[in-house]
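Please look through the structure shown here and read the report that follows alongside it. Each heading takes up one topic.

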Number of protein chains: 2
Amino acid sequence: MNTNDGFRELGREECLRLLEGAPIGRVVHTRHALPAVLPVNFCLDVDSAVLMRTSADSELAAAVDGVVIAFEADEVDATAHSGWSVVVTGRATVVTDPAEHGRLARTGPRSWVASPGEVFIRIEPELVTGRQLVAGLAAY
Amino acid sequence: MNTNDGFRELGREECLRLLEGAPIGRVVHTRHALPAVLPVNFCLDVDSAVLMRTSADSELAAAVDGVVIAFEADEVDATAHSGWSVVVTGRATVVTDPAEHGRLARTGPRSWVASPGEVFIRIEPELVTGRQLVAGLAAY
């Protein structure tokens, strides 16, 4: 830990526990050769993969299928100058197996907007890192 | 607008107005060849550049100086299924001009944690895009 950085590294289990309680995260990927960031609701699968639900013809599904992307969630209290941030990095895939789709339709994230032909996207939890903001953010 | 995407594109002025009211944003850059996301406090300069303050020897300052990066802020109400997300994409630079540093020390963002040798990072607002979540997120 860099003593000027003002944060504490979190372990994988601690990161996953924090993610379990977060309603919203952000998909970070590349769009037209530029970084793109999209807030989404999500949940974790039994193997800790990040699960999202989207329409089959969405830009997101086309952009991330088969690509290593990052998924970030955080909770920051701007008044108390404290909080945490977790990033999951791994390959995203659109779930195509019918049985797996059926399982996720029962147990996976709910759509905020129902649309026809929805699919699930999984992000493998290959790398799970996190930081607790010990005494603020600005010294990152 | 893709009718399956459930959002409305926001204009540049609307995006900047939303950023003005956001206490926290996220720097998105590349770290060890992987996407990295860091929450930071920030403010906008008079020319709408994003301003952050960090220690001169921070990992962030070294990682983003001279690099095109993205900066994202959002406000999402997970209960109401509504909100917005804005992304500023542009070149980041560590401010080295003493006069400019002095101006930003008076008018720029405050550190949550004071550390010696602080610097300001500017992100040029070359591309400012945003989305209002019209009826939810999951159909992105």
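## A serine with positive phi in each chain

B:Ser48 is found in the loop that runs between strand E4 (43-44) and strand E5 (50-55) of chain B, and in this predicted model its phi is near 75°, which is a positive value in a residue other than glycine. With a relative accessibility of 17%, B:Ser48 counts as buried, because the term applies to residues under 20% relative accessible area.

In chain A, the loop between strand E4 (43-44) and strand E5 (50-55) holds A:Ser48. The phi of A:Ser48 is positive, at about 75°, although this residue is not a glycine. A:Ser48 has a relative accessible area of 16% and is therefore buried.

## How the two chains are related

Chain B is superposed on chain A by a rotation of 180° with 0.0 Å of shift along the rotation axis, and the RMSD of this superposition is 0.0 Å. That is the relation of a two-fold axis. Within chain B, the C-alpha nearest the axis belongs to B:Val28, and it lies 4.0 Å from the axis.

The same surface serves both copies, in that 98% of the contact residues of chain B recur in chain A.

## The largest pocket

Which strands each supply at least two residues of the lining of the largest pocket? In chain A they are strand E2 (24-31) and strand E6 (68-77), and in chain B they are strand E2 (24-31) and strand E6 (68-77). The volume of the largest pocket is about 390 Å³.

The lining of this pocket is made up of 17 residues, and those that lie nearest the pocket centre are A:Arg26, A:Asp74, A:Glu75, B:Arg26 and B:Asp74. When the lining residues are sorted by class, 11 are nonpolar and 6 are charged, while no polar residues are present.

## A threonine in helix H3 of chain A

A:Thr107 is part of helix H3 of chain A, which covers residues 98-107. A polar atom of the A:Thr107 side chain lies 2.9 Å from the backbone oxygen of A:Arg103.

How far apart are A:Thr107 and A:Thr79 in sequence and in space? The two residues are separated by 28 residues in sequence, and the distance in space from C-alpha to C-alpha is 36 Å.

Terms used. Residues numbered from 1 in each chain as written. Chains lettered and ligands numbered in written order. Predicted model: local features only at pLDDT ≥ 70, side-chain atom pairs only at ≥ 80, totals over all residues. Heavy atoms only, no water. Least-squares fit on C-alpha atoms with pLDDT ≥ 70 in both. Contact = heavy atoms within 4.5 Å. Helix = DSSP H or I, 4+ residues; strand = E, 2+ residues; numbered from the N terminus. Polar contact = N/O pair within 3.5 Å; in protein donor to acceptor, adjacent residues only side chain to side chain. 1 Å grid on protein atoms, 1.4 Å probe; cavity = no way out; pocket = protein on both sides within 12 Å on 5 of 7 lines; lining within 4 Å. Points joined across faces, edges and corners; volume = space filled by probe spheres on them. Nonpolar A, V, L, I, M, F, W, Y, C, P; charged D, E, K, R; others polar. Buried < 20%, exposed > 50% of the residue type's maximum accessible area, 1.4 Å probe, protein only.
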